[in-house]
Amino acid sequence: MRILVVDDDFVSREKLKAILAPYGDVESAEDGEAAVRMFEAAHRAGTPFHLATMDVNMPCLPGGAAVQQFRAIENLRGIREGEGAKVLMVSMRGDSRAVLSSFRFGCEGYVVKPVTPDNVGAALAKMGVART
């Protein structure tokens, strides 16, 4: 499985990379704009990402807007809703407003920081990406 970790915080990005390494090949981006470029390039190369973790609040391009662009890229390539990359939003915010707005942007899962192998693993299982 190809995985893209997107977070503007270096420590959070590295922690997620370490947690997700057992699940597949992990690449990372430090903001939403870089993530969209990588996502599009992966599709052009025929090696799309299967999973992306996305920080909600980032400079340049917030997580929700980046997910919308992911979905637009998939749509242009004829990938139907629900058949593209799975997206796990990651945030310090756990309030219902933040969670609901993330799902409206097109994510399949949500984890409140701090991330741990347990909460990430549980979210991936719930999303149908991995077993716990």
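1. **β5 and its partner.** Ser-91 has Val-112 in β5 as its bridge partner. Strand β5 covers residues 109-112 and runs parallel to β4, with four bridges joining the two. Two strands pair if DSSP finds at least two bridges between them. Helices (H or I, at least four residues) and strands (E, at least two) are DSSP runs, numbered from the N terminus. From β4 the chain passes through helix α4 (residues 96-105) to reach β5, and this β-α-β crossover is right-handed. Right-handed means that, with the strands pointing away from the viewer, the path from the first strand over the helix to the second runs clockwise.

2. **Basis of the model.** This is a predicted model: local features need pLDDT of at least 70, side-chain atom pairs count only at pLDDT 80 or more, and totals for chains, interfaces and linings use all residues. Residues are numbered from 1 along each chain as its sequence is written, and side-chain values use heavy atoms, with hydrogens and water left out.

3. **β4 and β3.** Strand β3 (residues 51-55) pairs with β4 in the parallel sense, over five bridges. Thr-53 has Leu-88 in β4 as its bridge partner.

4. **Burial of β4.** Five of the six residues of β4 (residues 86-91) are buried, so the strand is largely enclosed by the rest of the structure. Buried means under 20% relative accessible area, exposed over 50%, and partly exposed in between (1.4 Å probe, protein chains only).

5. **Lys-113.** This lysine sits in the loop between β5 and α5 (117-127). Is Lys-113 buried or exposed? Lys-113 is buried, with a relative accessible area of 14%. Gly-94 is 19 residues from Lys-113 in sequence, and their C-alpha atoms are 8.6 Å apart.

6. **Cysteines.** Cys-60 counts as exposed, at 54% relative accessibility. Cys-107 counts as buried, at 6%. The structure holds zero disulfides (pairs of cysteine sulfur atoms within 2.5 Å).

7. **Largest pocket.** Its volume is about 210 Å³. A pocket is an open set of points on a 1 Å grid over the protein atoms alone, where a 1.4 Å probe fits, with protein on both sides within 12 Å along at least five of seven lines; lining residues have an atom within 4 Å of a point. The volume is the space filled by probe spheres set on the points. The lining includes Arg-71, Glu-74, Arg-80, Glu-81, Gly-106 and Glu-108. The lining residues divide into two nonpolar, four polar and six charged. Asp, Glu, Lys and Arg count as charged; Ala, Val, Leu, Ile, Met, Phe, Trp, Tyr, Cys and Pro as nonpolar; the others, Gly among them, as polar.
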